[in-house]
Amino acid sequence: MEYFQLIQTKIEPLLPVDASVASAWTLPSLIIHSFSPTVILTYAFLCMSVFILLALEFVNWGTMKIGDVKGKTFPIQAAHLDSLRPIDIFFITFNKLSIPPFFLTYTLFSSTLPSTSSTLLSPLYQLPLLFLLYDLFYSLFHRTLHLQSIYHLIHKHHHTQKSPTRGNLDAVNVHPIEFWSGEWLHLGVVYLLSLTSIECSAITSLTFLTFGGVLASLNHTRYDLCIYIFAIKVYDPKYHDLHHRVPRRNYGQYLMIWDYALGTAKEWSKGKE
Ligand SMILES: [Zn+2]
Ligand SMILES: [Zn+2]
């Protein structure tokens, strides 16, 4: 107790406030008021960033564990990038560090959306729409990245890996322009849906980003984890695996519906391309 009082008497003279008000302050508020708002916000941002990155690593670990438990895998059919090069490590690190500002913006925007209490069932119809909308824009964007004139500038880097195995590490091993575009597109489609009468609830928005992250990571593993809705296959990591070695097929990130609509879909088959 004496220790806290000692600190308080040391700090009080430094504070630009009335002594009568300061005497009612607690130690945490004294510490907070000792720093400028900029310093406090920077510190809070750094703490949240560390928390977000740790949470992300936990989700990635969980994603790989899901695959391990299921145990069903599909074979490598093209050259594997065994060791990450300095440029791979640079892009992976850079992209991961850019996640916290995106995530905080996304979460802040989601907090402005309708709350979950009145719209508990909203994800059931809003989530499929978000994935459909996302993949429509993503497929077109991805297709554009494969144009011969710009392919070598941005997207070629991601295709250095012909047989992804590392999950999130292989997923984020892309040029930062491509990574940012893919990340912010999630916010873009949430915003678009929120403008319609269908709306987008906060829980849908956050579930969309979480599922999206997990599915994008699974796309870069050998886990044969397909998702069926009413006996129709809507997600299969093998589609993206095939895209890594047959670049003009399967442009979709999560769904294949737009590839089927545009004639670029190709089913994965063992030993064939
Ligand atoms: Zn990929
Ligand atoms: Zn590609």
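The chain has 13 helices and 2 strands, taken as DSSP runs numbered from the N terminus, with helices being H or I of at least four residues and strands E of at least two. This is a predicted model, in which local features need pLDDT of at least 70 and side-chain atom pairs count only at pLDDT 80 or more, while totals for chains, interfaces and linings use all residues. Residues are numbered from 1 along each chain as its sequence is written, and chains are lettered from A and ligands numbered from 1 in the order in which they are written.

Of the 273 residues in the chain, 26% are buried. Buried means 20 or more other C-beta atoms within 10 Å of the residue's own, exposed means 12 or fewer, and partly exposed is in between, with C-beta atoms placed from the backbone.

Next, the cores. A nonpolar core is a set of buried Ala, Val, Leu, Ile, Met, Phe, Trp, Tyr and Cys residues joined through C-beta atoms within 7 Å. The largest has 22 residues, and Leu130, Tyr134, Val190 and Tyr254 have the most contacts inside it. At least two residues of this core come from each of helices H7 (122–145), H10 (176–195), H11 (202–218) and H12 (237–245). Another core lies apart from it, with 6 residues, including Ile92 and Phe179.

Leaving out residues up to four places away in sequence, Val190 touches Leu130, Cys200, Ser205 and Phe208; contact means C-beta atoms, placed from the backbone, within 7 Å.

Now helix H5. Its 12 residues, 86–97, should span 16 Å at 1.5 Å a residue, and the end C-alpha atoms are 16 Å apart, which agrees; the expected span is 1.5 Å times one less than the number of residues. Which residues of H5 are buried? They are Phe91, Ile92 and Asn95. Seen down the axis, the buried residues of H5 fall within an arc of 100 degrees, so they line one face of the helix; the arc is that of the directions from the helix axis to the C-beta atoms. On the other side of H5, exposed residues include Pro86, Ile89 and Leu97. Helix H9 (168–171) and H10 are among what covers the buried residues of H5.

Last, Met256, in the loop between H12 and helix H13 (257–262). Met256 counts as buried because it has 22 C-beta neighbours inside 10 Å. Beyond residues up to four places away in sequence, Met256 touches Tyr239, Asn250 and Ala265.

Notes: Two residues are in contact if their C-beta atoms, placed from the backbone, lie within 7 Å.
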